[in-house]
Amino acid sequence: MTKLETERLLFRDHELADLEPFCEMESDPAYRFPQAVHPRIELERSFREGWLPVKAMGLLATVYKPEGRYIGRCGLYPNRDEDGELIPGEAQLAYYLARPYWGRGLASEAADAFVAYGFNVLGLQRIEAGTNVLNAASNRVLEKLGFRRIRSGEGGGSAWHLYELRNPTGDPQA
Ligand SMILES: CC(C)(COP(=O)(O)OP(=O)(O)OC[C@H]1O[C@@H](n2cnc3c(N)ncnc32)[C@H](O)[C@@H]1OP(=O)(O)O)[C@@H](O)C(=O)NCCC(=O)NCCS
């Protein structure tokens, strides 16, 4: 079932048929950079256990409408505090697209749609997003949408930025 749609993209729950394009995307070293590609058996496990189960709020299979093709996953997932507790009124935004579809404004199109959905439909007050410092395209997508960098750090061998965007119609004191 389509959960959200833009001009060129539609977003739905993952299906078993997405396994092959998912593994193809995740096996591309440029897509994984600066992290390593996982072995196929790991990818299949993460697809079946992590992506196939339908969640109340989670990243959605992303289909490029002109080709009817699965090209990645995008969306919102619950934001949690340091103790793992859900933070009400908040979500994390993320987008992962297969390399042949980079450079066409698709991540920007997806991110814009999920920000609007999060604020206007879900009534979120705040959206966070984390990026790798080296991922210039990902950082740029957030900055274009007005996200503000609030923290940077290092962990797991890579450096990251954390961004936030507050609902412009939300509590001005927040
Ligand atoms: C990051 C990613 C989603 C970008 O997708 P995309 O559809 O190519 O992004 P868009 O075309 O919407 O926008 C990218 C922006 O970054 C800019 N950009 C791209 N590469 C850049 C670079 N090396 N340096 C500076 N800017 C760059 C583009 O020019 C564009 O900005 P513009 O609209 O002002 O011209 C895609 O590369 C991806 O999925 N990578 C692998 C997974 C990943 O890293 N996901 C993000 C996890 S936080």
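Biologist: Which residues in H1 meet which residues in H3?

Modeller: This is a predicted model. In it, Leu19, Phe22, Cys23 and Glu26 of H1 meet Arg40, Leu43, Glu44, Phe47 and Trp51 of H3. That contact holds six nonpolar, no polar and three charged residues.

Biologist: What makes phenylalanine 147 buried?

Modeller: A count of neighbours. Phenylalanine 147 has 23 other C-beta atoms within 10 Å. Buried takes 20 or more. So phenylalanine 147 is buried.

Biologist: Where does phenylalanine 147 lie, and what does it touch?

Modeller: Phenylalanine 147 sits in the loop between H5 and strand E7 (148–155). Leaving out residues up to four places away in sequence, phenylalanine 147 touches Ala129, Leu142, Tyr163, Glu164 and Leu165. Arginine 166 is 19 residues from phenylalanine 147 in sequence, and their C-alpha atoms are 8.3 Å apart.

Biologist: Why does tyrosine 96 count as partly exposed?

Modeller: Tyrosine 96 has 17 C-beta neighbours inside 10 Å. Exposed means 12 or fewer, and buried means 20 or more. The count of 17 falls in between, so tyrosine 96 is partly exposed.

Biologist: Which element holds tyrosine 96, and which residues does it touch?

Modeller: Tyrosine 96 is in strand E5. It touches Gly72 and Arg73, again not counting residues up to four places away in sequence. Alanine 107 is eleven residues away along the chain, with 7.8 Å between its C-alpha atom and that of tyrosine 96.

Biologist: How many residues surround the ligand, and which are the closest?

Modeller: The ligand is surrounded by 20 residues. The closest are Ala107, Ser108, Ala136, Ala137 and Arg140. Strand E5 (86–97), helix H4 (106–121) and helix H5 (136–144) are the elements that each give two or more residues to this shell.

Biologist: Which element gives the most to the shell?

Modeller: H5 does, with six residues.

Biologist: How does the shell around the ligand divide by class?

Modeller: The shell has eleven nonpolar, six polar and three charged residues.

Methods:
Residues numbered from 1 in each chain as written. Predicted model: local features only at pLDDT ≥ 70, side-chain atom pairs only at ≥ 80, totals over all residues. Near = placed C-beta within 6 Å. Helix = DSSP H or I, 4+ residues; strand = E, 2+ residues; numbered from the N terminus. Nonpolar A, V, L, I, M, F, W, Y, C, P; charged D, E, K, R; others polar. Contact = placed C-beta atoms within 7 Å.
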